[in-house]
Amino acid sequence: MLYIGVDLGTSAVKLLLMDENGKIKNIVSKEYPLSFPNPGWSEQNPKDWFEKSMEGIRELTKDCDKSQVQGISFGGQMHGLVVLDDEDEVIRPAILWNDGRTTKETDYLNTVIGKETLSKYTANIAFAGFTAPKILWMKENEPELFAKINKIMLPKDYLAYKLSGTFCTDYSDASGMLLLDVQNKCWSQEMIDICGIREEQLPKLFESYEVVGSLKQEIAEELGLSKTVKVIAGAGDNAAAAVGTGTVGDGRCNLSLGTSGTIFISSKQFGVDENNALHSFDHADGYYHLMGCMLSAASCNKWWMDEILQTKEYEKEQENITKLGENQVFYLPYLMGERSPHNDPLARAAFVGMTMDTTREEMTQAVLEGVAFGLRDSLEVARSLGIQIERTKICGGGAKSLLWKKIIANVMNLKVDVIESEEGPGYGAAILAAVGCGAYESVEAATEKLVKVVDTVEPSQELVAKYEERYQNFRKIYPAMKGLFQELAK
């Protein structure tokens, strides 16, 4: 049997074909445009996602026995606001997770409604990237379009709707909307009222591994697949990546070095940190997780390489970096503002500590270290809750760099387990499809069989000590610059 995992990312959709033994048979990637109509804004056309996904599925399955394809599921970029009218037409471009236009609405939710109240309703506070502030922004700034809204959905759920006709979402992705009562797994009526919407405008809720429907007749014919192919709810990209790395059950950790960076800690118990510095979300395995999310991770390195150094030779730029733990240059990784743990859309990236002796390699090293330090900020919040993590899985484009993995292992003092498949969200989505089709009795049972660790990067206590000193200095930079960032924003 064959299962399709769809990783709906910010720059491309990546499609993966997996058999019941977890072997990846094919991978296809299709890019689509990203637009920035105003400074700090970030939008995409949902129709591009669908067109490229259809094109990708046809290419993905062209050489396989299509009768073997049993199910399709998703891992998708979270928080994006997709709105349809009563004709099922997209009303406006999707406002994405990394869009920073909602500072006013976020402040209103956190100060007027109040963080304690929000946490009581949803287990989380408002962040600029979340969906609820975007709904409030649209209500205030585009009232005519707001009045046309018939359906509110998340990016991957637009694909599920187009493929199956089912208006649905899953608990993990819905957790990032600030509309879900995370602990009780239902929509929060209080948040629905605050946003001025109706519950019928929100999708039906499913567990990530549950079947929501099957391919519509015309879709099946266009793809050359059977209309009995099941469509499984899927998960937010980070929860799907966690499934793809076996970060399910209790007390396991995954680091994702994608466009954004996350630290993801799975738990069978619901929990919230008192400052809401970490997100408390539902997990794709049916339980819960804590997550710290930084908005710019591998994208920091991409920006540094592509825009500043103007090179695509990423590996070559890292070859001569050998003096770990000794760099005097620091980098704040806040190109798009920051989420965890600062919740500051006005934060900006900065280099600190350069001298006339500073080299190209030191600047490159500072970028890699700055992202690692930013992730450690969230790890420290988890540690303050008494959560003891000794090792972590790792995924995402940045995880292909051995140097970066070594830096992370020593900055965070964790054993970093490298898994056989680096296709986090897509692989996790395919696993969810297999579980939904009955190939495995649970997500945990599936990952125990399918996810294999092939290498471990161990921290060196000498480097851990050196990086501890560097990290304590890094922690002082953002508080010192926060006031300046606010001034510059004026």
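Biologist: N276 first. Is N276 buried or exposed?

Modeller: N276 counts as buried because its relative accessibility is 7%. Buried means under 20% relative accessible area, exposed over 50%, and partly exposed in between (1.4 Å probe, protein chains only). This is a predicted model, so local features need pLDDT of at least 70 and side-chain atom pairs count only at pLDDT 80 or more, while totals for chains, interfaces and linings use all residues. Residues are numbered from 1 along each chain as its sequence is written, and side-chain values use heavy atoms, with hydrogens and water left out.

Biologist: Where is N276 found, and what is its phi?

Modeller: N276 is found in the loop between β17 (261–267) and β18. Its phi is near 55 degrees, which is positive in a residue other than glycine. Most residues other than glycine have a negative phi, and most peptide bonds are trans. On the labels: helices (H or I, at least four residues) and strands (E, at least two) are DSSP runs, numbered from the N terminus.

Biologist: And Q310, buried or exposed?

Modeller: Q310 counts as exposed, at 65% relative accessibility. Q310 is not a glycine either, and has a positive phi of about 55 degrees. Its place is in the loop between α10 (298–309) and α11 (314–318).

Biologist: Which residues does the cis peptide bond join?

Modeller: S340 and P341, with omega about -5 degrees. P341 is in the loop between β20 (330–332) and β21 (350–352).

Biologist: How many residues are between β18 and β19?

Modeller: There are 5 residues between them in the hairpin, and G286 in the turn has a positive phi of about 100 degrees.

Biologist: Next, I408. What is I408 in contact with?

Modeller: Leaving aside neighbours within four places in sequence, I408 is in contact with L255, L257, A372, I394, N413 and V416. Contact means heavy atoms within 4.5 Å. I408 lies in helix α13 (residues 402–412) and counts as buried at 1% relative accessibility. I408 and L255 are 153 residues apart in sequence and 9.5 Å apart in space, C-alpha to C-alpha.

Biologist: Changing topic: at what angle do α1 and α5 cross?

Modeller: Roughly 60 degrees, and the axes of α1 (residues 46–60) and α5 (residues 155–164) come within 10 Å. The two helices are therefore oblique to each other: angles under 35 degrees count as roughly parallel, over 145 as roughly antiparallel, 65 to 115 as roughly perpendicular and the rest as oblique. The crossing is right-handed. A crossing is left-handed if the near helix is turned anticlockwise from the far one by less than a right angle, and right-handed if clockwise.

Biologist: Which residues make the contact?

Modeller: P46, K47, W49, F50, S53 and M54 of α1, and P155, Y158, L159, K162 and L163 of α5. By class, the contact has 8 nonpolar, 1 polar and 2 charged residues. Ala, Val, Leu, Ile, Met, Phe, Trp, Tyr, Cys and Pro count as nonpolar, Asp, Glu, Lys and Arg as charged, and the others, Gly among them, as polar.

Technical notes: Two strands pair if DSSP finds at least two bridges between them. Axes are lines fitted to C-alpha atoms, for helices over the stretch in contact, and angles run from 0 to 180 degrees between N-to-C directions.
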